[in-house]
Amino acid sequence: MRKVKLLAGAVIAGAILLAMSVSAEESESIPEVTEQAVTTTIPEEDTTESVETETTAVIEEETQTTSTEVIVTDVTESTTVETTTEPEVTTTEPIVTGIMIGDSNARRFYYSDEKEFDKTGIVVYYDGIDVTEEAEVKYDNVPSYDNKTFDYIAKYTVTYNGESYAREIAVQIGLKGDTNLDHEIDVFDAVYIARYTVSNPKFPIEENTLRYFLSDMSSPKNQIDVFDAIWIARKSNEFAPEPKPVRPTLHMPKEKDYNTNTIAGLKKYVNDCIVYKAAIYGIPKERVYFKDDVNEWNYSWNVPAIYISDMDYYYNQHGYYPFRYDSKASEAAKSAMFRVESSCKEAIEWYGYTREDFEKYSDFTIKWKHLGHNNYEIYVMWGGPLS
């Protein structure tokens with residue numbers, strides 16, 4: 001018992017000394033500190049061990065101490081981990097069964113003189129298998145153009161395996177050569193193409209349209225050019241009264257009848273020679289136009305004839321001498337007539353032109369392009385004046 005008292009006294013004395021030491025260092029009071037219970041899990045043993053310890057806390061008053069007990073208990077935590085298994089998903093492509101008809105590639109444009117619709121481009125599938133060759137495709141109506149509209153419905157029936165299926169597609173029908181889409185064929189259609197060929201934005205002809213289909217009349221196909229305009233001009237004359245050809249007696253102009261020492265006399269002589277050569281092939285004088293203010297790049301032409309009266313000026317302007325040129329009126333006349341003749345021969349050899357064709361459809365535009373100091377380029381160009 002005495003040992004216990006001594007031990008208690010020692011503990012009290014130690015606590016007093018500790019309080020005095022802390023109060024000397026800090027003038028403020030120390031809040032009470034309480035240690036909470038701490039739990040740990042000891043998996044190796046099944047027994048629970050409690051450990052009792054003593055702590056002391058300093059309160060506001062220096063001479064008072066308290067003790068708290070810290071108890072360690074055995075707590076077993078159990079954690080459950082859930083495992084999810086995703087179900088296996090199997091995808092399969094849908095199987096097309098029965099009849100399937102496709103006409104997205106079917107022909108959409110027709111001429112008014114065609115007698116039946118075209119089955120090309122219509123495909124038939126049965127249970128996913130191409131049976132186009134075995135199936136029967138039959139149109140229920142024929143192209144019928146009424147000169148009022150371009151839009152029509154083509155109805156057709158597909159028969160396969162004893163069953164029939166009715167379908168219809170939208171089509172467009174028009175007159176060959178009706179470029180301006182006014183339900184007529186006339187010279188204005190040819191003029192429209194002529195404007196288009198010189199890239200005039202006011203006269204568009206877009207591919208894969210009815211306008212393009214009705215305009216592409218000459219060879220080569222899939223190309224709109226001046227020869228389509230010529231074809232349409234010839235076609236438009238089928239609706240006009242047949243003119244009676246007038247073939248005047250032709251006489252070659254004589255240089256002595258002109259004052260070729262002047263530019264005016266020179267041009268008159270050469271121009272009359274051009275008219276004479278064009279008339280030989282059937283092109284009337286009324287369709288040979290002399291227009292010095294047109295843009296030659298709007299036309300089709302061969303290399304122009306060159307008339308030079310001042311070679312030094314030409315060289316100073318261009319830095320070189322022309323490869324081929326004329327300095328006399330007679331030479332200039334021959335060069336100009338040669339260009340008329342070569343153009344007409346090309347039309348005959350390449351496109352089968354006859355004299356009647358030249359009489360009805362052909363014309364020339366002539367331009368004297370002034371190079372300065374009475375030097376000229378003489379352009380002999382296909383077509384009438386455009387601009």
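Ala, Val, Leu, Ile, Met, Phe, Trp, Tyr, Cys and Pro are counted here as nonpolar, Asp, Glu, Lys and Arg as charged, and the others, Gly among them, as polar. The structure is a predicted model, in which local features need pLDDT of at least 70 and side-chain atom pairs count only at pLDDT 80 or more, while totals for chains, interfaces and linings use all residues. Residues are numbered from 1 along each chain as its sequence is written, and side-chain values use heavy atoms, with hydrogens and water left out.

By class, 23 nonpolar, 12 polar and five charged residues make up the lining of the largest pocket. A pocket is an open set of points on a 1 Å grid over the protein atoms alone, where a 1.4 Å probe fits, with protein on both sides within 12 Å along at least five of seven lines; lining residues have an atom within 4 Å of a point. Val226, Ala229, Ile230, Asp363 and Gly383 are the closest to the pocket centre among its 40 lining residues.

Helix α4 (226–236) makes the greatest contribution to this lining, eight residues; helices (H or I, at least four residues) and strands (E, at least two) are DSSP runs numbered from the N terminus. Where α4 starts, a side-chain oxygen of Asp225 comes to within 3.1 Å of the backbone nitrogen of Phe227.

Methods:
A polar contact is a pair of N or O atoms within 3.5 Å; within protein, one must be able to donate a hydrogen and the other to accept it, and residues adjacent in sequence count only if both atoms are side-chain atoms.
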